[in-house]
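Good morning, and thank you for making time for this item.

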Amino acid sequence: MQLNWRAISGPALTTATALAAFLVDRHFVPVPNPAPLFVCIVALAASVSGIVSGMASAVIAVVASALLFLNHRTAPGYDMSDLARMLLLAVTAGGTALITGLLRQKWVDAFAWEKKHHATAERLSAALDQVDIGIVLLDADTRAEFINRAFRDYFKLSDEQADSKPPFIALMYHGRDTGAWQLPEDELNAFIAKRTEMIRVGDSTPINIDLADGQVLRFICTALPDGGRMLSYTPVTDLVRHSDDPGSADYYRALRGSYRSLARHLGAAE
């Protein structure tokens with residue numbers, strides 16, 4: 001059976017300290033009241049291993065102090081001042097063990113929740129990287145918190161640029177500078193201004209974006225509950241180029257509804 005060294009470290013340290021105090025007190029010089037040192041050890045034990053280890057250390061500390069007080073007495077027994085000091089040590093050490101242990105447990109639970117949340121976010125990011133729909137998640141300040149692989153490929157955005165969490169306006173300027181859009185140069189500034197305003201107000205009107213390489217993306221901005229935005233860029237090249245007819249409107253409306261549902265789930269996950 002493997003010993004839990006973390007659990008016994010506190011009581012072991014308390015016992016070792018008490019034995020050292022007895023040895024020094026008996027053979028060398030009188031030892032003053034070690035209660036403050038015992039309380040520190042109790043706090044350390046509870047922070048390392050929890051309430052049980054802290055309480056065990058507190059019991060050892062009280063017993064050791066009682067024996068040390070008795071060793072200093074010229075007559076058998078304890079007087080009221082000794083009892084008061086031992087009672088105060090018991091309350092202090094026990095309270096320290098309880099409070100420190102509870103704080104440790106709260107920290108451990110928060111760390112476990114954060115780890116689980118991070119793992120979920122990693123799985124979601126990996127899943128979004130597998131789709132051919134460009135996805136960008138913006139925070140309330142329109143800074144990109146997540147940019148999936150499809151968007152990086154569509155707009156020739158390097159991993160270093162995407163991982164730096166650029167603001168949305170920087171993504172627009174990147175598209176302009178790399179010639180990503182199939183637009184006359186004199187219309188680019190107006191296009192960027194219009195898109196930026198759509199993001200700011202959370203306008204969910206879908207628009208088609210023609211890329212310089214001939215692809216067509218359907219852009220939708222969805223406002224998230226936390227004030228952020230989800231931007232989706234769906235490839236609709238074949239639909240727009242070869243079957244651009246009124247019958248496609250129902251498809252687009254259904255498509256838009258599916259993205260709004262995805263956005264709600266993303267907002268809930270955050």
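Before the annotation itself, a word on how to read it: UniProt positions are given here in the numbering used for this chain, and such annotations may be inferred rather than shown by experiment. Please also keep in mind that the model is predicted.

With that understood, the unreviewed UniProt entry carries the annotation "transmembrane region" for residues 44-71 and 83-103. What does the chain look like over residues 83-103? In the model, that stretch is 100% helix and 0% strand, with its end C-alpha atoms 30 Å apart.

Rolling a probe the size of a water molecule over the atoms shows where empty space is left. How many cavities of 30 Å³ or more does a search of the whole structure find? The search finds one. The largest cavity holds about 40 Å³ of space. Its lining consists of F151, F155, L171, M172, W181, R195 and Y233. Sorted by class, that lining has six nonpolar residues, one charged residue and no polar ones.

The last topic is charged pairs. Side chains of opposite charge can pair when their charged atoms come close. Across the whole structure, a search finds five salt bridges, and I shall discuss some of them individually.

Consider D159 and R149, whose side chains meet in a salt bridge at 2.9 Å, N to O. This pair links distant parts of the chain, 10 residues apart: D159 belongs to helix 6 (residues 159-163), while R149 belongs to helix 5 (residues 149-154).

A second salt bridge joins the side chains of R176 and D177, at 3.1 Å from N to O. Here R176 is partly exposed, at 32% relative accessible area, whereas D177 counts as exposed, at 57% relative accessibility.

A further salt bridge is formed by R200 with E197, where the closest N and O atoms are 2.6 Å apart. Both residues lie in helix 8 (residues 188-201), separated by three residues, or about one turn of the helix. R200 counts as exposed, with 56% relative accessibility, and E197 as partly exposed, with 36%. Finally, salt bridges that share partners join R149, R152, D159 and D163 into one network.

Methods:
Residues are numbered from 1 along each chain as its sequence is written. This is a predicted model: local features need pLDDT of at least 70, side-chain atom pairs count only at pLDDT 80 or more; totals for chains, interfaces and linings use all residues. Side-chain values use heavy atoms; hydrogens and water are left out. On a 1 Å grid over the protein atoms alone, a cavity is a set of points where a 1.4 Å probe fits but cannot get out, and a pocket is an open set with protein on both sides within 12 Å along at least five of seven lines; lining residues have an atom within 4 Å of a point. Grid points are joined across faces, edges and corners, and a volume is the space filled by probe spheres set on the points. Ala, Val, Leu, Ile, Met, Phe, Trp, Tyr, Cys and Pro count as nonpolar, Asp, Glu, Lys and Arg as charged, and the others, Gly among them, as polar. Helices (H or I, at least four residues) and strands (E, at least two) are DSSP runs, numbered from the N terminus. A salt bridge is a side-chain nitrogen of Lys or Arg within 4 Å of a carboxyl oxygen of Asp or Glu. Buried means under 20% relative accessible area, exposed over 50%, partly exposed in between (1.4 Å probe, protein chains only).
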